[in-house]
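Hi everyone, thanks for making time.

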Amino acid sequence: MNRFDWLSEYLAQLQDELIVVRRGSARYLPPAHMLEIDAEDWTRAHELAAANGYRWAGLWADRDDESARVLSLLENAGDYLVLLAELDAGNPAIASISAHYPAADRPQRHLRDQHGIALSGEADSRRWVRHRAWPADQHPLTPDFPAGGFPEPSPTPADSDYPFQPIAGNAVYQIPVGPVHAGIIEPGHFRFHAVGEEILKLEQRLGYVHKGVEKIAVGRDAVGLARLAGRLSGDTTVAHAWAACQALERATGTRPPRRAQQLRGLLCERERVANHLGDIGAICNDVGFAFPQYQCSRLRELWQRHSDKLFGHRLMMDCVVPGGVAVDLDDTGITTLRHDHACIRDEIDILFDVIEDHPSLEDRLLTTGRLSAASARELGCTGHVGKASGQAFDLRAANPYAPYASHPITTRVLDDGDVMARVQIRMREIHDSLDWMDALIDHLAGDGLRASLNEPGEARIGIGFVEGWRGEIVSYVRLDAAGRVARFFARDPSWHHWPALERIVMNNIVPDFPVCNKSVNASYSGHDL
Amino acid sequence: MFRILKKSLRTGVVTESPPDTADAELEAVGTELKRLIDRRFAGSLAIREVDAGSCNGCELEIHALNNPLYDVERFGVHFVASPRHADALLVTGPVSRHMETALLRTWAATPEPRFLIAAGDCAVNGGEFGENHACRGAVSRVLPVDVAIPGCPPRPIELLRGILAALNAPQTTK
């Protein structure tokens, strides 16, 4: 099957529905295909897409003095389709699509809070990313928002009157948790409604680590943007920086050297191994089995020390730069890596064997925190959350980008959808990544590390797609004619995983929340922006 | 069970330092830390970590302090769940405005005498995010900071050195 074979059918459906496609082009935002439609057809176009089973993968707006447009990302068969609608810049409004794509609820509210774009139709009227740092009638990403924001009142009051959805009933009680959690973890608020031990409903309130990323990205140069992208979520620094660099490179028509692409892949897979190791240990620890936690955290530490030694940073921050990479690998490095991979393989063979068939782990992890395939599909889950619930999509295989196009990687899918399945996906991914890295380092090209970015010459847009350890990352960039960032939006997979967690914990017991949460490990910072 | 024991025995006690420089430094810092904690905190320094807008990079490195290679509990440092149990706060992030009140309340809940360590470039000077409409910037802009640990993120050994520096700093009672 060829790329975009399915698109003609969708276009015919749009035509049948009298939806006018004003512009349709594969050249505007490659590798995505873009269709510009009228704002009034927004919901209907998404309804058709949902009926066709297209995965919804993100929503953002791009607004300047003269225009406001909203972009929605869909994926089918590994191909990306961007729907774009121009809005009335003076009074921008868009209809809600959350009836067809429920995961769009929070991105839409983010859009309203940040850009002042009104929502019509079935839309949640509550704020999302905005707490109390700026007034309700002000929107940070509009041109007239004051540069310094609204420093008063100081201190910024707590967002204490956020209207959680109530559940009524005699024995129903609430458990408020956070924003400061009981461990060394990121802040957010969880509102549980429970009866006895059973969770009836979890509602999340996020936005506590909102840092104004989309606004402070504006005006940066390419290098500055990559640094910022590398700090959206510290555990995903490589993948986010890579996605942003991809967007910059596509916007400017720059092609990084092959060796740079290969090293990016290597860094990204190292990041995957480190995070999976850490989480597998922590999941076991959450059900009182400390042995894998100590073993995995030991392996992770050794792994990060090697990253430090080879690439100068334990988390490999700022190694991916626009046009290529800032690090290299010599023959000694290759030998070290090969040895490292062999050692860790020996260790995890024994360790994962224990985890896979330990009765007390089976008792706690099997059937706990199930996410149905239908939910995973509906919410657009990717990464270990999607793959453990029957969603095979993995960008590295579905639409391989460099270096995965020339170095194919094995990807996995399971159907059980429980905590154990998410652990199993992660264990297998570690093995697959090790195998892939071993094969890659035998074939490193010698064509250099970094190309300089071409001057854009005029305003340009670009989009990046990278499969990080949590799943698919999307990065959108608009550059002005001088090559400065005019708009940046990054969509972490956590936008889709947080709503999935709300479904995962339903009818589980409150004490199993930590293990359910850890098995997903969605990012707060990557989501709050 | 046998496999677990075998793996545990084979792995051995990794905490004991092989004789390379990094770990020699860890031992030196740790020993000094333990001496001060024994003297000033009766053997136990309780730290409450607060993420005030961090990207989670600092949290990963603070977590690493608990892995068996650092195993900071052996020096008397332990991370607690409640500020009411804490001698010190370890604060990361550029103080996102949305976390500002939560941070202040956490500090208010920490019994005196207490001290505050700002860890990571964001907490020290605002870092990559700086001061903007959504961030206050350095932690020192909202709370008195006793010791600042720069780094993006600081390595675990740098965190330990920072904690040691905090214990060596003149006693503050706030």
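Before anything else, a word we will need: a residue is called buried when its relative accessible area is under 20%. Take Phe145 of chain A: at 5% relative accessibility, Phe145(A) counts as buried because that value falls under the 20% limit. Please also keep in mind that this is a predicted model.

Let's stay with Phe145(A) for a moment. Its ring and that of Trp134(A) have their centres 6.5 Å apart, with the planes at 90 degrees, so the pair is edge-to-face. Both residues sit in the loop between strand E7 (118-120) and strand E8 (173-177) of chain A, 11 residues apart. Trp134(A) is buried too, with a relative accessible area of 2%.

How many aromatic pairs are there over all chains? The count comes to 22. Another one of them is Phe4(A) with Trp6(A), a tilted pair at 5.9 Å centre to centre, with 35 degrees between the planes. Here Trp6(A) is the buried residue I'd point to, at 7% relative accessibility. Ring pairs also build a cluster, which links Phe190(A), Phe192(A), Trp498(A), Phe513(A) and Tyr524(A).

Some rings have a charged partner over the face. Arg191(A) lies over the face of Phe164(A), 4.1 Å from the ring centre. Arg23(A) does this with Tyr28(A), at 4.9 Å from the ring centre.

As background, nonpolar side chains in soluble globular proteins tend to be buried together. In this model the largest nonpolar core has 155 residues, and those with the most contacts inside it are Tyr10(A), Leu329(A) and Phe488(A). Which helix gives the most to this core? That is helix H7 (residues 258-286) of chain A, with 11 residues. If we set aside neighbours within four places in sequence, the contacts of Phe488(A) include Val213(A), Leu225(A), Leu232(A) and Tyr476(A). There is also a second, separate core of 31 residues, and among its members are Ile184(A), Phe41(B), Ile117(B) and Ala169(B).

That brings us to chain B. Helix H3 (residues 57-64) of chain B is mostly covered, with seven of its eight residues buried. Among the buried ones are Cys58(B), Leu60(B) and Ile62(B). What lies over them? The cover includes helix H8 (290-311) of chain A, together with elements of chain B such as strand E1 (45-51) and helix H6 (156-168).

Back in chain A, have a look at strand E3 (residues 55-63), where nine of nine residues are buried. E3(A) pairs with strand E4 (residues 68-76) of chain A in the antiparallel sense, over eight bridges. A hairpin of four residues joins E3(A) to E4(A). If you want one bridge to find on the screen, Leu59(A) has Ser72(A) as its partner in E4(A).

What about disulfides? A search of the whole structure finds zero of them over all chains. Cys284(A) has its nearest cysteine sulfur, that of Cys296(A), 6.6 Å away, and is in no disulfide.

Last stop: the backbone. Most residues other than glycine have a negative phi, and most peptide bonds are trans. In chain B, a cis peptide bond joins Glu112(B) and Pro113(B), with omega about -5 degrees.

For positive phi, there is Thr367(A), near 65 degrees, in the loop between helix H10 (359-365) and helix H11 (373-379) of chain A. Asn521(A) has a phi near 45 degrees and comes just after helix H16 of chain A. H16(A) itself, residues 513-520, is mostly covered, with seven of its eight residues buried.

Methods: Residues numbered from 1 in each chain as written. Chains lettered and ligands numbered in written order. Predicted model: local features only at pLDDT ≥ 70, side-chain atom pairs only at ≥ 80, totals over all residues. Heavy atoms only, no water. Buried < 20%, exposed > 50% of the residue type's maximum accessible area, 1.4 Å probe, protein only. Helix = DSSP H or I, 4+ residues; strand = E, 2+ residues; numbered from the N terminus. Pairing = 2+ DSSP bridges. Disulfide = S-S within 2.5 Å. Phe/Tyr/Trp six-rings, centres within 6.5 Å; stacked < 30°, edge-to-face > 60°. Lys NZ or Arg CZ within 6 Å of the ring centre and 35° of its normal. Core = buried A, V, L, I, M, F, W, Y, C linked by side-chain atoms within 4.5 Å. Contact = heavy atoms within 4.5 Å.
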